[in-house]
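Dear colleague,

I am handing over a structure for you to look at, and below it I have written down what was found, so that you can follow along with the sequence and the 3D view open. Please read it slowly and find each residue for yourself as you go.

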Amino acid sequence: MGYNVGLLGLGTVGTGTAKIMLDSVGRHPLLEEISIVRVGVRNPDKAREVEFETGVLTDDLASIVTDPNIDIIVELIGGVDQALDYILTAIDHGKHVVTANKAVISRHGDEIFTAANAKGVYVLLEAAVAGGIPVLTPLKQALGVNRINRVTGIINGTTNYILTRMKNEGANFDDVLADAQRLGYAEADPTADVDGLDAADKITILASLAFGGRINLKDVYCEGIRKIAAADIAYAEKLGFTIKLLAIAQGRRPASGAMPDEIELKVHPTLLPKHHPLATVDGVNNAVLVEADPLGEVMFYGPGAGEGATASAVVSDIVSIVATLKSGTSTNDNGNPLLRCSHEHYTRVASMDQSVSRFYARILTQDRPSVIGQIGLAFGEHGVSLESVVQIDVHDRGAEIVVITHKVSEGEFQAALQALNALEAVVSIPSVLRVW
Ligand code: HSE
């Protein structure tokens, strides 16, 4: 018996998905048993890279998600509302769903997985996080017997590409962004990438699997890379760091080892020591570092986007579902526990005030005696201990002082910054970044 797939969307990832499925030689033998029977597109008459038999292409996407002949719906149209509607309708009609849509899952995962569990169908989304890199399936399966303590990712290729070029060329953010847009590496509207929103969607999904609970996207602390200056990258380099946009999910487990009730969840640029495993992940590549007990550190690295890479993840999800269906696992009996979503409660996200890290601050001051002393005193009075203070430069606008603190809570550090800003000798504090 064969299995029928309905594809929604034939853009970059949809085209890549079709290419793999229509050219199955030398790939997993189950592909031979899977057919794309309908493809929903906006304009069926447009010339395409892949050819389908007459009647497969249609602009009636709603009829695909209700088609009784289809077993698996592959949602690759992107966006939120329309995609949600199709996914929920497909589930309601007893179809399994594969999606690459992190935005719809991070916002509506609750509704989607509750419906899927009630209906006994699977919703798989390996392609939604880190493109072609298998990371969700390992978290659910091979790593599932570990206690995960932290997941740290470079999970947005656009920002990693921009930061890498700023580092290599000593260039400013605006110039590199404009060039990246010209070359097609960044979207015309770069907001979701450069402001960290795309990474926030993805870390929500990673955290949910790592810590076994649903998460409210609005609880994720999110700061992008727009404010990073060429000067910060240069100073970080001199001090032995490289700046990366990190997405971090971590939770302290109780002594019993049980899942944490509360986790930290944040996306922000971070000064990473150059010896950190994520520090050398450059360009559009993604990487996810998982700290697991007893496994230790394991890092997943590779292409986080692109036609073939993302399609590889999509098709592997289709094959996983088909393999489970073929094995005869009854979906009425809660199905394959390695594929289904097994949690229904929410995990609390800690307030950012309690988060502890080292900080980097670049401070412009007047160039006169005792300024460094005053800065040290203001930090000290708020419980912030300094690891290093360097007067990097003196120019006509005054002196430029860079400090790196020891670990301190976000709340204490922000209070110290306010005190610093009130000092007459402090002209401005153009940059504050967290240090790993
Ligand atoms: N816009 C994403 C990135 C790719 O730059 O990594 C799709 O998730």
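This is a predicted model: local features need pLDDT of at least 70, side-chain atom pairs count only at pLDDT 80 or more; totals for chains, interfaces and linings use all residues.

The phi angle of Ser-370 is near 75°, a positive value in a residue other than glycine. This deserves a second look because most residues other than glycine have a negative phi, and most peptide bonds are trans.

Ala-130 also has a positive phi, of about 60°, although it is not a glycine. You will find Ala-130 in the loop between strand S6 (123-124) and helix H5 (136-140), and with a relative accessibility of 0% it counts as buried.

A cis peptide bond, with omega about 15°, joins Asp-293 and Pro-294. Pro-294 has its place in the loop between S11 and strand S12 (296-303).

**The nonpolar cores**

Which residues have the most contacts inside the largest nonpolar core? They are Ile-162, Ile-203, Leu-206 and Leu-265, in a core that has 78 residues. Helix H9 (residues 197-211) gives the largest share of this core, namely 8 residues. If you select Ile-162 and leave aside its neighbours within four places in sequence, you will see that Ile-162 is in contact with Phe-173, Val-176, Leu-177, Val-194 and Ile-225.

**A buried threonine**

Thr-270 lies in strand S10 (residues 262-273), and it counts as buried because its relative accessibility is 1%. A polar atom of the Thr-270 side chain lies 3.1 Å from the backbone oxygen of His-268. Not counting residues up to four places away in sequence, Thr-270 touches Thr-242, Ile-243, Lys-244 and Leu-246, and also Arg-434, Val-435 and Trp-436.

**Salt bridges**

How many salt bridges does the structure hold? There are 25, and I describe some of them here.

The side chains of Arg-38 and Asp-67 meet in a salt bridge, with an N to O distance of 3.2 Å. Arg-38 lies in strand S2 (residues 34-40), while Asp-67 lies in the loop between helix H2 (61-65) and strand S4 (72-75), so the pair ties together parts that are 29 residues apart in sequence. Are these two residues buried or exposed? Both Arg-38 and Asp-67 are buried.

Another salt bridge is made by the side chains of Arg-226 and Asp-195, at 2.8 Å from N to O. Because Arg-226 lies in the loop between strand S8 (221-222) and helix H10 (230-238) and Asp-195 in the loop between H8 and H9, this pair ties together parts that are 31 residues apart in sequence. Arg-226 counts as partly exposed, at 40% relative accessibility, and Asp-195 is partly exposed as well, with a relative accessible area of 23%.

Glu-237 forms a salt bridge with Lys-274, and the closest N and O atoms of this pair are 2.6 Å apart. The pair links distant parts of the chain, since Glu-237 is in helix H10 and Lys-274 is in the loop between S10 and strand S11 (285-293), 37 residues apart. Glu-237 is partly exposed, with a relative accessible area of 26%, and Lys-274 is partly exposed, with a relative accessible area of 41%.

Finally, Arg-165, Glu-169, Asp-179 and Arg-182 are linked in a network of salt bridges, which you can trace from one side chain to the next.

Leu-183, Tyr-185 and Val-284 make a nonpolar surface patch of about 270 Å². Of these, Tyr-185 is found in the loop between helix H7 (173-183) and helix H8 (191-194), and it counts as partly exposed because its relative accessibility is 43%.

With best wishes

How values were computed
Residues are numbered from 1 along each chain as its sequence is written. Side-chain values use heavy atoms; hydrogens and water are left out. Patches are made of residues with over 30% relative accessible area and no salt bridge: like charges are joined within 9 Å, nonpolar side chains (Val, Leu, Ile, Met, Phe, Trp, Tyr) within 5 Å. Accessible areas come from the Shrake-Rupley method with a 1.4 Å probe; for residues, only the protein chains shown count as cover. A salt bridge is a side-chain nitrogen of Lys or Arg within 4 Å of a carboxyl oxygen of Asp or Glu. Helices (H or I, at least four residues) and strands (E, at least two) are DSSP runs, numbered from the N terminus. Buried means under 20% relative accessible area, exposed over 50%, partly exposed in between (1.4 Å probe, protein chains only). A nonpolar core is a set of buried Ala, Val, Leu, Ile, Met, Phe, Trp, Tyr and Cys residues joined through side-chain atoms within 4.5 Å. Contact means heavy atoms within 4.5 Å. A polar contact is a pair of N or O atoms within 3.5 Å; within protein, one must be able to donate a hydrogen and the other to accept it, and residues adjacent in sequence count only if both atoms are side-chain atoms.
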